[in-house]
Structure formats: C-alpha cells, structure tokens
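Subject: Structure handover

Hello,

Please find the sequence and structure below. My notes on the structure follow.

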Amino acid sequence: MNKRSYKRREVNSISLEEATSLYHKHQLSRGLVDTYVDATKWAIEIFATDTKVENVSEITLETVEGWIESMRDRGLKDASIQSYISKVRTFLYWCMKNEYLDKFEIHNFKMREAALKYFTDEELVILTKKPDKKCDFVEYRTWAIICFILSTGARASTISNIKLEDV
C-alpha cells in the first residue's frame, strides 16, 4: 500500500487573496448558487478592504469586532451588517477548519430594533375621514385601502394581490 505524504501549509503562509480564491472554488464545487458565491466573495473583499488584512493568520476576533464597529459607525443598516458578517464568518470558519487561521468564536450579530412610528389619534381621524361625493377615483381608492389596512392589519403585498373574486 502506497502512503502519500501531504505537505501541511504553515498557518502564516496563505494570503487572504489566495484563501478567498480557494474558498470560492470550494463553494462552486459544492454546487452553491452563483449569486450567493459572488455575494460571499464581495463580502470578503469588503472585509479585506476595511480591515487592510493581507495574511489570513493576521485575523483575530478583535479584527472582526473592529470591522463590525466600523460598519456601524459608517451608518450601515443592521440587516446589511448581518449579511456581511454571516458570509465572512462562514469563510473564516472554513479557514479555521483548513488550519489557515487560529480558532476563535465569532458571535452572532445582535440587530437593534428600529423604533416603530405610530400615527397619532388626530392623524388617524384625518386618514379615515370619508371623502366627499365629489372626490375622484384615486382619492376614494386610497381611503378604502387605508381603512382596509387599519381594519385588518394586512400588508402591502396582500393588498396588491387582492382580486375582485376575493372580495
């Protein structure tokens, strides 16, 4: 039986660009959708640009946390930050699995809840005031939709998909 010897890479010997290329090939070999693969590649490029990391072994938990903080400081929406983190975290865990990077845990990003804006009682009175008989179709339709939303709590997509036979 022939034993093959594999030369193990040194942890410090792989650049972020090379690791990204290998990960990209790995994703394609798993049959992932091209748009997801491209989005992941783009997220890693953003991470590399923002952190100015050239070698995978330079990445630490502090690097990732600093990157997250810088995205928040720039005013990115929480959903965008979450999307970037999930893609980069998967890539970094792949690097750890392949021993390109020392292991550390990357925690989930906690999204801040946006404050909801409510209508005042005065605004609701104005919105629900029935239009007079001289109004045009658009004004009457808008009033009917507002009343429907307030009565049912339906979403915009539900309202736009209503057909005459549904009524």
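In which loop does Lys52 lie? Lys52 lies in the loop between H2 and H3, where helices (H or I, at least four residues) are DSSP runs numbered from the N terminus.

First, the ground rules. This is a predicted model, in which local features need pLDDT of at least 70 and side-chain atom pairs count only at pLDDT 80 or more, while totals for chains, interfaces and linings use all residues. Residues are numbered from 1 along each chain as its sequence is written, and side-chain values use heavy atoms, with hydrogens and water left out.

Lys52 is not a glycine, yet its phi is positive, about 60 degrees. Lys52 counts as exposed because its relative accessibility is 65%; the cut-offs for relative accessible area are under 20% for buried, over 50% for exposed, and partly exposed in between (1.4 Å probe, protein chains only). Glu99, in the loop between helix H4 (78-97) and H5, also has a positive phi of about 60 degrees and is not a glycine. At 37% relative accessibility, Glu99 counts as partly exposed.

The helices on either side of the Lys52 loop pack against each other: H2 (residues 34-51) and H3 (residues 61-73) have axes 10 Å apart and an angle of about 95 degrees. Axes are lines fitted to C-alpha atoms, for helices over the stretch in contact, and angles run from 0 to 180 degrees between N-to-C directions. H2 is therefore roughly perpendicular to H3, a label that covers 65 to 115 degrees. On the H2 side, Ala43, Ile46, Phe47, Asp50 and Thr51 meet Thr63, Val64, Trp67 and Met71 of H3; contact means heavy atoms within 4.5 Å.

Thr20 is in helix H1 (residues 16-29) and is buried, with a relative accessible area of 10%. Its side chain reaches the backbone oxygen of Leu16 at 2.7 Å. Neighbours within four places in sequence aside, Thr20 is in contact with Lys41, Ile44 and Phe91.

Asp136 sits in the loop between helix H5 (121-128) and H6. Asp136 is partly exposed, at 47% relative accessible area. A polar atom of the Asp136 side chain lies 3.1 Å from the backbone nitrogen of Glu139. Between Asp136 and Tyr23 there are 59 Å in space, C-alpha to C-alpha, and the two are 113 residues apart in sequence.

After H6 comes Gly153, with a positive phi near 75 degrees.

Regards

Definitions and conventions:
Helix = DSSP H or I, 4+ residues; strand = E, 2+ residues; numbered from the N terminus. Parallel < 35°, antiparallel > 145°, perpendicular 65-115°, else oblique. Polar contact = N/O pair within 3.5 Å; in protein donor to acceptor, adjacent residues only side chain to side chain.
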